[in-house]
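Q: Please take a close look at the ligand site. Keep it brisk.
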Amino acid sequence: MTTHEQELRERVRALCAEWDYTPRVDSWIGGYDPEFSRELARRGLLARTWPKHLGGAEDSNIARLAITEELLRAGAPVSAHWLGERQIGPELIRHGTPALQEEFCPRLAAAEIGFALGMSEPDAGSDLAAVRTTATPDGAGWRISGRKIWTSGAHVATHLYVLARSSKEDDKHAGLTEFIVERTAPGVTVRPIIGMEGEHHFNEVTFDEVWTPGHWVIGQVGNGWQQVVGQLAFERGGPERFLSMYPLLKAVLDAGGVLGAEDRSRLHALMARLMVLRTWARETALAMDAGYSPVVEAATGKYLGNRFELDCIEFVRELLPRCDAGIHRMYWEATLASPKSGIRGGAAPVMLSMIAKGSK
Ligand SMILES: Cc1cc2nc3c(=O)[nH]c(=O)nc-3n(C[C@H](O)[C@H](O)[C@H](O)COP(=O)(O)OP(=O)(O)OC[C@H]3O[C@@H](n4cnc5c(N)ncnc54)[C@H](O)[C@@H]3O)c2cc1C
């Protein structure tokens, strides 16, 4: 690890130490504190890889990884900026016009705005190319109609990323386009879907003839499939795929006297797997730095990371009689969140199929 990475890690640790929050598992989905996100931005810890004129630091994905690992490790409240910083900013930088980049990236980098991802639909999840939401040209813009589901954070986002069908083609992968839509635009309705843990982070979002300006198209009209596949590497390739449950493991490690000799040897086996996953995340970040979109590698890490997280929860389950109320709380949060990890960002069997085929 370079001194630069170490310095970034220490800056994140310093902010987490002085911030008033309760560490939680799955904090990139459920830990919402926009002021924390803005403070990260003020301290230069967001959008590190983006060009300077767009609010970034022209740093590497390896440097960004140092920051994201520390935030997840600390269970910090990062969901306000996570999706926009992780994938919409990079998507705009790769495919957006300079004007679109300048309109959105600096505000994303400052955590002044936030995005939710409108990809999945009731009949288009694993088979994302089956989206039926339509976009029809109308004057200087487009009218969008349809229904998105499982849209994390749409109730707090300022903007929505929407994958929609802009023309009907024989090949379902053709005729898709990526749009930006204002979340409060007339015709957008956001309805909550409450998870089994009792939390509201999912939504159903309906679009009833919603108008969005033509210059808010990301990239080329009709090229949405090629673009979204590249975006999924950013979505699946990060440490949130194996560190979402880490605060639970950390709480056990920090609590003295919980681990017996046999538990320690099981813990060592888990730690060895964690090292492998961290190496994978590093390799994925290096591939991104080299300009490559590591779609299959990201699917592999997501699959293995999910297995690792489930085994961490199982490990803690057997220790519970010796654990305090704080660990019990986190264990239940983790258990109730655990079915989601193997589905969000692509279901586990679909990841296996992609790995086997070597492509999406
Ligand atoms: C916590 C969480 C957050 C999410 N956030 C968002 C979000 O912000 N935005 C968004 O757009 N979506 C989001 N999603 C939706 C997510 O991307 C989809 O749930 C996922 O892609 C699976 O699609 P589906 O639910 O339609 O399941 P389906 O596609 O109906 O699949 C159901 C099951 O069938 C099996 N299966 C399906 N196809 C195959 C295949 N080809 N090969 C083998 N097995 C298969 C799998 O076991 C799969 O779990 C989120 C989901 C979760 C759980």
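Why does the ligand lie between domain 2 (116–223) and domain 3 (237–357)?

A: This is a predicted model, where local features need pLDDT of at least 70, side-chain atom pairs count only at pLDDT 80 or more, and totals for chains, interfaces and linings use all residues. Residues are numbered from 1 along each chain as its sequence is written, and side-chain values use heavy atoms, without hydrogens and water.

Both domains give residues to the shell around the ligand, so the ligand lies between them. Domain bounds come from an automatic or database domain assignment. The shell holds 17 residues, each with a heavy atom within 4 Å of the ligand. Among the closest are Leu117, Ser126 and Trp150. Strand E7 (200–213) and helix H13 (348–357) each supply at least two shell residues. Strands are DSSP runs of at least two residues, helices of at least four.

Now the polar contacts (N or O pairs within 3.5 Å). A ligand oxygen is 2.7 Å from a side-chain N or O atom of Ser126. A ligand oxygen also lies 3.0 Å from a polar backbone atom of Met119. A ligand nitrogen is 3.0 Å from a polar backbone atom of Trp150.

Conventions. A polar contact is a pair of N or O atoms within 3.5 Å; within protein, one must be able to donate a hydrogen and the other to accept it, and residues adjacent in sequence count only if both atoms are side-chain atoms.
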